[in-house]
Amino acid sequence: MGDERLLEVVLPGVVAPEGLVLRYGVVPEAGRGRIVIGVEATGVSFAEQQMRRGRYYDQPPFPFVPGYDLVGRVLATGEGVDPGLLGQRVAALVKVGGWASHVVVDAADAVPVPDGLTPAEAETVVVNGITAWQMLHRRARVRAGQTVLVHGASGGVGSVLVQLAGAAGVRVIGTASARHHDALRELGVEPVDYRAGDVAARVRELAPGGVDAVFDHVGGRSVIDSWSLLAPGGTLIAYGSASTRDDTGSKQWPVLKILARTWLWNTLPNGRRAHFYNIWAGRGLGKDRFRARLRTDLGEVFGAVGRGEVTARVAAELPLARAAEALRLAESGTVGGKIVLTP
């Protein structure tokens with residue numbers, strides 16, 4: 001690997017974005033069953049915004065290197081790994097550790113990226129794409145002709161979700177601020193302004209019989225409204241508590257509250273269902289099944305991007321050394337699409 005140096009962005013504690021620290025070191029070795037990836041793109045997710053506040057429900061102790069997912073080329077393979085992987089472009093979901101120039105992962109966790117996609121395009125749909133695909137097709141099991149409500153339809157997960165739903169022949173109602181409405185209409189989404197009064201009432205006007213699924217990343221009060229909008233047999237998928245990002249107190253509590261509610265609702269005899277989606281929950285199935293499912297689902301999403309059913313929206317590309325600026329930009333809520341970091 002020549003005289004390359006490792007660059008990592010470290011989150012030292014609860015700090016403002018400017019408190020991120022750049023750390024230089026030696027490029028790590030692959031090790032048995034593992035590969036070294038030369039990172040071409042990683043991104044800013046909502047998770048990092050929570051982590052820097054110490055609010056992500058299962059973050060590691062400080063200091064650590066954030067970065068939920070990454071795309072790059074295989075630079076080295078360890079013992080027991082197919083050397084044919086060398087030079088291939090792959091994607092990996094890591095939860096932490098992605099904001100670095102070089103990352104070591106288990107070879108089994110690397111998913112091949114098709115030739116037609118740039119690293120930045122592929123990066124926009126790794127965590128967001130897997131999340132959207134699994135919620136839509138594995139959890140809600142939507143079918144053509146159904147109607148769904150997507151909160152935050154112009155956000156990272158929301159924007160992929162509405163496009164995948166459209167490709168599946170599903171009618172989509174999406175909440176977003178007014179400035180995103182024209183872009184959403186172009187995707188065939190019926191937009192609702194979440195800042196303009198009673199969202200639930202507006203959704204009821206558009207879908208008087210209720211909706212077949214709601215995807216809610218907001219948490220808090222929103223989940224209760226979401227449940228009330230379901231048609232008989234409908235499914236609520238809660239997948240976050242964005243509304244509590246700036247709260248203090250227990251970081252587990254907002255999630256536990258949603259879990260308790262979903263458990264209670266599922267005991268009611270009305271055929272409606274509530275789930276709290278967590279991308280890592282499938283690990284309980286065993287590592288191999290979890291990995292196989294991840295690979296299949298990300299493959300489906302990459303395919304949808306390749307066919308033009310999903311447009312990968314890169315909001316901005318910044319070098320890794322400017323991660324603080326990237327995080328600040330992501331938190332400003334002023335950009336649509338994913339902010340990508342490139343070493």
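Because the model is predicted, local features need pLDDT of at least 70, side-chain atom pairs count only at pLDDT 80 or more, and totals for chains, interfaces and linings use all residues, while side-chain values use heavy atoms, without hydrogens and water.

**Stop 1: helix α7.** Select residues 221-228 and colour Ser222, Val223, Ser226 and Trp227, the buried ones (under 20% relative accessible area, 1.4 Å probe, protein chains only). They lie on the same side of α7 because they cover an arc of only 140° around the axis, taken from the directions from the helix axis to the C-beta atoms. Now show β11 (211-216), β12 (230-238), α8 (253-266) and β13 (273-276), against which these buried residues pack (heavy atoms within 4.5 Å).

**Stop 2: the second largest pocket.** Its volume is about 230 Å³. Select Arg139, Tyr277, Ala281, Gly282 and Arg293, the closest to its centre of 13 lining residues (lining means an atom within 4 Å of a point on a 1 Å grid; a pocket is an open set of points with protein on both sides within 12 Å along at least five of seven lines). Helices α3 (127-139) and α9 (287-306) each supply at least two lining residues.

**Stop 3: the cavities.** Here a 1.4 Å probe fits but cannot get out. The largest cavity holds about 80 Å³, and helix α4 (residues 156-167) gives the most to its lining, with four residues. For the second largest cavity, of about 30 Å³, select Ala108, Asp109, Val111, Arg291, Leu294 and Arg295.

Conventions:
Residues are numbered from 1 along each chain as its sequence is written. Grid points are joined across faces, edges and corners, and a volume is the space filled by probe spheres set on the points. Buried means under 20% relative accessible area, exposed over 50%, partly exposed in between (1.4 Å probe, protein chains only).
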